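Thanks for coming. I will go through one model today, and I will start with terms before I get to residues.

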Amino acid sequence: MSELEDQKHIEALEALLRKPSKVTEQAEFPNWETLVTRSPREEWNGPSSRPNKVLSFFRKPAGLTLVGGTSFAIAAAILFVFLIKPKTTSTEVSSSAVMEKKREILSPLSVSVSQVKGKVFVFPAGSATKVPLVNKYQITSGDVITTELASQVDLQFETGSWLRINPQSEVIVQSLQKSDLGSYSQKFSVKKGKLFASVSKLSKDSEFIVQAGEHLTQVRGTIFSISYDGLVETVAVREGSVAFGDLILNAKQQAVVKQGETFPVIASQLSPKEYKELKAFYTQSILAKESLLYLEHSRLELVRLEDGTEYRGVILGQSETHLHFQGMDGKIEIPIKNILETEKIR
């Protein structure tokens with residue numbers, strides 16, 4: 001059937017629909033005034049038990065199906081469900097993100113005493129009684145560490161960082177936490193004295209913060225020192241960079257701030273005294289880490305890469321593509337294709 005014939009057929013069907021049937025034309029219907037005065041003949045008792053059908057006043061053309069009342073109701077119900085389906089709002093998405101964030105699990109970060117020299121004490125969190133600090137003691141959030149004359153203590157972090165508290169110092173451990181998502185929170189407060197730190201490179205959501213006096217020092221990964229005598233704050237950097245208040249200190253720079261004085265706009269060059277102390281601390285911390293690895297594995301190895309980079313530590317094993325290595329700053333995986341040679345050094 002051509003398109004023109006289809007159009008004529010449709011017009012004929014429409015004409016049939018507009019023309020009433022003979023039964024309808026012969027029937028007499030009451031007018032509106034009569035209907036409004038009538039009382040209902042029977043009460044409504046729900047749907048009729050007889051099946052409802054849609055009556056057709058014309059012959060069913062090819063391709064059309066007579067739709068029953070029940071089928072029409074089901075189709076309408078399905079359409080209604082789709083129409084009223086609630087939309088996911090930005091508020092719901094935001095709430096979902098918050099709930100997801102709340103699932104983050106925090107636990108204590110492992111920090112142990114590596115070596116103690118002289119008289120070093122700790123006030124355990126929540127206690128007013130000090131006890132001698134000994135090797136392998138696990139430092140926790142809230143501990144207060146004090147060192148007497150000619151005494152010091154080194155702390156080893158599971159992240160590979162290393163902290164040394166110098167003689168006649170008092171340091172509060174404010175926070176030592178780690179997340180199951182891989183971030184770390186390490187916060188300290190220097191009430192008096194001096195500390196040195198070698199901080200491993202931190203992930204995006206991790207933090208290493210030291211407060212001395214009125215200012216915070218925030219670290220991303222560096223070797224630095226902080227001292228405070230109640231009046232003067234000094235921050236010195238050997239490698240990397242730190243944020244000291246609003247001032248950024250880079251390698252071989254330092255800043256000195258006296259209480260009540262204007263904060264310096266630019267950093268100064270690292271003094272020979274600070275440089276010497278930081279260099280000695282770095283060398284001693286590396287040797288201490290190597291000794292601990294040797295005690296644990298009874299060997300030490302060196303891995304040299306093609307670009308000249310060297311790693312000192314212990315080879316733990318390897319896969320087809322990577323070497324599993326325990327270094328000074330924790331466990332790493334080294335691509336085998338980048339390795340020039342390995343050798344045993346102890």
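Two strands pair if DSSP finds at least two bridges between them. The strands themselves (E, at least two residues) and the helices (H or I, at least four) are DSSP runs, numbered from the N terminus. This is a predicted model, where local features need pLDDT of at least 70, side-chain atom pairs count only at pLDDT 80 or more, and totals for chains, interfaces and linings use all residues. Residues are numbered from 1 along each chain as its sequence is written, and side-chain values use heavy atoms, with hydrogens and water left out.

First, the open sheet. Five strands make up this sheet, in the order E22-E21-E20-E19-E23, with antiparallel pairing. Strand E22 (330-335) and strand E23 (339-344) are at the edges with a single partner strand each, so one side of each has no neighbour in the sheet. From one strand to the next, the twist averages 45 degrees; axes here are lines fitted to C-alpha atoms, for helices over the stretch in contact, and angles run from 0 to 180 degrees between N-to-C directions.

Within that sheet, strand E19 (residues 301-305) pairs with strand E20 (residues 310-318) in the antiparallel sense, over four bridges. Leu302 stands opposite Arg312 in E20. Helix H6 (residues 272-297) packs on the sheet and touches both E20 and strand E21 (322-327), with its direction at about 25 degrees to that of E20. Contact means heavy atoms within 4.5 Å.

What about the loop between E20 and E21? Glu320 lies there. At 82% relative accessibility Glu320 counts as exposed, where exposed means over 50% relative accessible area, buried under 20% and partly exposed in between (1.4 Å probe, protein chains only). Glu320 is 16 residues from Ile336 in sequence, and their C-alpha atoms are 8.1 Å apart in space.

Next, the nonpolar cores. A nonpolar core is a set of buried Ala, Val, Leu, Ile, Met, Phe, Trp, Tyr and Cys residues joined through side-chain atoms within 4.5 Å. The largest one has 37 residues, and those that touch the most other members are Ile139, Ile145, Leu155, Phe157, Phe188, Phe208 and Phe224. Strand E10 (residues 184-199) gives the most to this core, five residues. Apart from it lies another core, of eight residues, including Phe196, Ala236, Leu270 and Phe281.

Now the rings. Rings of Phe, Tyr and Trp (its six-membered ring) pair if their centres lie within 6.5 Å; planes under 30 degrees apart count as stacked, over 60 as edge-to-face and the rest as tilted. How many aromatic pairs does the structure hold? Six. One of them is Phe157 with Phe188, edge-to-face, at 6.1 Å centre to centre and 75 degrees between the planes. That pair links distant parts of the chain, 31 residues apart, with Phe157 in strand E7 (residues 152-157) and Phe188 in strand E10.

Phe157 is buried at 4% relative accessibility, and Phe188 is buried at 2%. The ring of Phe188 also pairs with that of Phe208: the centres are 5.6 Å apart and the planes at 40 degrees, so this pair is tilted. Phe188 lies in strand E10 and Phe208 in strand E11 (residues 207-212), so the pair ties together parts 20 residues apart in sequence. Phe208 is buried as well, at 1%. Through these ring pairs Phe157, Phe188 and Phe208 are linked into a cluster. Beyond neighbours within four places in sequence, the contacts of Phe157 include Leu109, Val111, Trp162 and Leu176.

From Phe208 we can follow the strands. E11 and strand E12 (residues 215-219) pair in the antiparallel sense over five bridges, and Phe208 stands opposite Val219 in E12. E11 and E12 form a hairpin with two residues between them, and Gly213 in the turn has a positive phi of about 70 degrees. On the other pairing of E12, three bridges join it to strand E15 (residues 242-244), running antiparallel. There, Val219 stands opposite Val242. Which residues of E12 are on its covered face? His215, Thr217 and Val219 are, while Leu216 and Gln218 are on the uncovered one.

Last, charges over rings. The charged end of Lys130 sits over the ring of Phe121, 4.4 Å from its centre, and that of Arg346 sits over the ring of Tyr294, at 4.1 Å. The criterion is NZ of Lys or CZ of Arg within 6 Å of the ring centre and within 35 degrees of the ring normal.
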